[in-house]
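Colleague: I would like to know how the labels on this model follow from the numbers. Take me through them one at a time.

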Amino acid sequence: MISSPRSKEKPLGRIALEDVTVRFSKAPALEDVTIEVEPGERLAVIGASGAGKTTLFRVLTRSVALTSGRIAVGGRDLYTLSKKELKGVRRRVGTIYQAYNLVPQLPAGINVALGEVGGMGSLKTLRTFLAGPEGALAKRIEETLERVGLSGRARTRTADLSGGQQQRVAVARLLVQRPELILADEPFAAVDPVTTERVTDTLFELNDEGATLLVNLHDVNIARRFPRIIALREGRPVFDGSPELLTEEKLSRIYAGDPYGTAAEPDPETQYDVRRHVEGSARLVEGRDGISAH
Ligand SMILES: Nc1ncnc2c1ncn2[C@@H]1O[C@H](COP(=O)(O)OP(=O)(O)OP(=O)(O)O)[C@@H](O)[C@H]1O
Ligand SMILES: [Mg+2]
């Protein structure tokens, strides 16, 4: 289990979205999304650009208003929590956003330390920023940076690191924070295959230690390494199941019309097989299955 000082708190528990709709303008970013995620799950979210993947993550930290529906975290309605309760939830959620969410002007080590400041008092936080992290935390930061292949870079200004290196700083921050829920939004965008492997391994390690892991991905081959994949199309979940049920035919429908879609070319070895579909455990969403309706 996660050896965080916060682990004495009641675990976040199951996440349940019920009929969640988010409309920014006319077209919904999410529409009638009903999904349950158990603690410790390892889940990949795929879908074309604009399908609602980032929005799905943002509602899980209450960073965007719901048009309708409910989200329960551990049985409690996320959107009616008090400010203080919400802060407590957010502290236990680790995020890697598409833009990494780092402060570019600060040294890499301080960005890593930000994984810890949520649990610090304001004085200690201020000291960390002004004088740098203290003994034990400084050592942890150095060890963590070493683990992600950035040994000795704690004092380098984050903006002076490459995109892939910044991404590893974001992963190092997760290792310091040890969140119960990890929301990684395209953590493999624009990084080399070695970094991708390293980041995947680290995220899987954190998941093995008990964190629930949700990753938004464009690379279907990496998504296939997750036991559960959810595909969104135009804000609706159109596939929810294990990777062997995600056939090339379904993929081509998930990404239909997406000029930037990165779905793999059809592979005759994994062509659609009705028997597998029937025997498998895919939960195609009833009545709103944009895939099988065709
Ligand atoms: N803050 C916002 N204001 C207005 N529209 C938004 C906002 N955020 C997202 N949208 C719209 O909602 C839809 C879903 O966006 P979202 O960012 O969730 O897609 P995505 O699946 O993450 O796409 P990508 O793969 O390109 O990151 C898009 O049509 C987008 O333009
Ligand atoms: Mg996105």
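Modeller: Strand S1 (residues 15-23) and strand S4 (residues 68-73) pair in the antiparallel sense over five bridges. This is a predicted model: local features need pLDDT of at least 70, side-chain atom pairs count only at pLDDT 80 or more, and totals for chains, interfaces and linings use all residues. Residues are numbered from 1 along each chain as its sequence is written, while chains are lettered from A and ligands numbered from 1 in the order in which they are written.

Colleague: What makes S1 and S4 a pair?

Modeller: Two strands pair if DSSP finds at least two bridges between them, and S1 and S4 have five. One of these bridges joins Thr-21 to Ser-68 in S4. Strands here are DSSP runs of E with at least two residues, and helices are runs of H or I with at least four, both numbered from the N terminus.

Colleague: How do you know that S1 pairs with S2?

Modeller: S1 and S2 share six bridges in the antiparallel sense. Leu-17 has Ile-35 of S2 as its bridge partner, and Ile-15 stands opposite Val-37 in S2. A hairpin of four residues joins S1 to S2.

Colleague: Why are S2 and S5 said to stand at the edges?

Modeller: The open sheet has four strands in the order S2-S1-S4-S5, with antiparallel pairing. Strand S2 (28-37) and strand S5 (76-77) each have a single partner strand, so one side of each is left without a neighbour in the sheet.

Colleague: Why is Gly-241 called partly exposed?

Modeller: A residue is buried if 20 or more other C-beta atoms, placed from the backbone, lie within 10 Å of its own, exposed if 12 or fewer, and partly exposed in between. Gly-241 has 19 such atoms, so the label is partly exposed. Gly-241 lies in strand S10 (residues 236-241). Its C-alpha atom is 7.9 Å from that of Pro-227, which is 14 residues apart along the chain.

Colleague: Why is H6 described as largely enclosed?

Modeller: By that burial count, 12 of the 15 residues of H6 are buried, so the helix is largely enclosed by the rest of the structure. The buried residues include Gln-166, Arg-168, Ala-172 and Arg-173. In the protein as a whole, 39% of the 294 residues count as buried.

Colleague: What span is expected for H6, and what does the model give?

Modeller: The expected span is 1.5 Å times one less than the number of residues. For the 15 residues of H6 that gives 21 Å, and the distance from the first C-alpha to the last is 21 Å. Arg-178 follows H6, with a positive phi near 45°.

Colleague: What makes a set of residues a nonpolar core, and which members touch the most others?

Modeller: A nonpolar core is a set of buried Ala, Val, Leu, Ile, Met, Phe, Trp, Tyr and Cys residues joined through C-beta atoms within 7 Å. The largest has 68 residues, and those touching the most other members are Ala-44, Val-45, Ile-46, Ala-172, Ile-182 and Ile-229. Helix H6 (residues 163-177) supplies the largest share of this core, seven residues.

Colleague: Which residues is Ile-46 in contact with, leaving aside its neighbours within four places in sequence?

Modeller: Contact requires C-beta atoms, placed from the backbone, within 7 Å. On that basis the partners of Ile-46 are Leu-217, Val-220, Ala-223, Ile-229, Ala-231 and Ile-254.

Conventions
Contact = placed C-beta atoms within 7 Å.
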